[in-house]
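Dear colleague,

I am handing over the structure that we spoke about, and you will find it just below.

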Amino acid sequence: EGLKDLFTDSFYIGVAVNGQQVSGKVPEELALIERHFNSLSPENGLKWEKVHPEMDRYDFEFGDAYVALGEKLGAFTIGHCLVWHQQVPNWVFVDEAGRLLGKEALLSRMEDHIAQVAGRYKGKIDGWDVVNEAFNEDGSYRESNWYKVAGKDFIKAAFRKAHEVDPAAELYYNDYNVWKASKRAGILTLAKEMKAEGIQIDGIGMQGHYMLESPSLEQIEQGIIEIAEAGFQVMITELDVDVLPRPGNTQGADLNINFANSPKYNPFANGISPESAAKLSQRYTDLFQLFQKHKDKISRVTFWGLHDGRSWLNNFPVRSRTNYPLLIDRDLKVKEDVFAKLKAIS
Ligand code: G3I
């Protein structure tokens, strides 16, 4: 019995996968993916810098293996992500002389990229994170190159193009800290505006980069309810629970804070105490209980990585920590106490 089997009547259980996993180089990891998950997300392999590193060069090696794995497993297969301000090469934004492009030229470059990538995987990717992380914490637009040149139209144009290229694919907006009312307000204002204009947007991904004690369940629940009330699917994307200290940030994971500058921050903090391990299993139980309560609104819950040894949180906010954020440990053992608790509430 896998994790996915506990929640078949509720939502997909997804996992973010990497190149080694999709190319079959780590059979024991592949077996775990198959056993526990019925949805896949590509952790890095379909991001612009990977799939389209130079203007005239696309690299579909990862993507092809990824969708083949999705097909083989019969998994609900996610594309992540078409437009983001990170992991995008600088050439995208400038002309040969190095000058920032104008709006029309930039949007046409963006649309070409979407046509190539979403077009190649038409019918093979079930849902796309079309735009990722375009808002600030206060609900204003992030001053990315995309926004500086094209304003919020870049978001609308990206969704329009993605729908034109693959009309059957679901299309999502994805961001972190969507549990923050101010940030969510900005996102939902735009999403509703797009809907009113006839632009397809099916769901909002709430990245679940959580900590042991924050955000609160009430804050997450408020987010789930408001997104659903606005008429969108809710997805808990990128779920993990950071068990290591992040002094200076009591409000939850803000991926833009420079923790290294925090005087109280201890970069050598490693490992998990018995207290933290107990808190971790309680946190996951509480979270899944909440997700179960709202299973009519939530279509998918995706973990950001297969096991603790593969988590990006070993390298954030500084490199080379030993973190324990997932449900499978570095020895590829399922955390049985957590699994048992999830089974009890499923
Ligand atoms: O592949 C290189 C390797 O060759 C090199 O030796 C090593 C040393 O720097 O870096 C490796 O690349 C790293 C890559 O992950 C693969 O592990 C990059 O430095 C590192 O920046 C990159 O981090 C990724 C991060 O996005 C980039 O912003 C994480 O794996 C990935 O989990 C993370 O995912 C994002 C979501 O896409 C969006 N939401 C937030 C989430 C967490 O940041």
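Predicted model: local features only at pLDDT ≥ 70, side-chain atom pairs only at ≥ 80, totals over all residues.

The protein averages a pLDDT of 93, and 92% of its residues score at least 70, while the model as a whole scores ipTM 0.94 and pTM 0.94. One stretch calls for caution: over residues 249-268 the pLDDT stays under 50, and for that stretch the model has 33 contacts beyond four places in sequence.

Turning to the ligand, nine residues surround it, and the closest are Glu43, Asn44, Gln86, Gln207 and Trp312. By kind, the residues of this shell divide into five polar, two charged and two nonpolar.

Helix 10 can be described in some detail. It covers residues 217-229, which is 13 residues, and it reaches 18 Å from its first C-alpha to its last, close to the 18 Å expected at 1.5 Å a residue. Which residues of helix 10 are buried? They are Ile220, Gly223, Ile224 and Ile227. Seen down the axis of helix 10, these buried residues fall within an arc of 95°, and therefore they line one face of the helix. What covers the buried residues of helix 10 includes helix 9 (181-196) and helix 11 (274-293), together with strand 6 (203-211), strand 7 (233-242) and strand 8 (298-303).

On the other side of helix 10, Glu218 and Glu229 are exposed. Glu229 counts as exposed because it has 10 C-beta neighbours inside 10 Å, where the cut-off for an exposed residue is 12 or fewer. The C-alpha atoms of Glu229 and Thr77, which are 152 residues apart along the chain, are separated by 26 Å. Just after helix 10, Gly231 takes a positive phi of about 95°.

Gly139 has 17 C-beta neighbours inside 10 Å, so it counts as partly exposed. Leaving aside its neighbours within four places in sequence, Gly139 is in contact with Ser182, Lys183, Ala185 and Gly186. The C-alpha atoms of Gly139 and Ala181 are separated by 8.5 Å, although these two residues are 42 residues apart along the chain.

With kind regards

Key: Residues numbered from 1 in each chain as written. Near = placed C-beta within 6 Å. Nonpolar A, V, L, I, M, F, W, Y, C, P; charged D, E, K, R; others polar. Helix = DSSP H or I, 4+ residues; strand = E, 2+ residues; numbered from the N terminus. Expected span 1.5 Å × (residues − 1). Buried ≥ 20, exposed ≤ 12 C-beta atoms within 10 Å, placed from the backbone. Arc of directions from axis to C-beta. Contact = placed C-beta atoms within 7 Å. pLDDT = per-residue confidence, 0-100.
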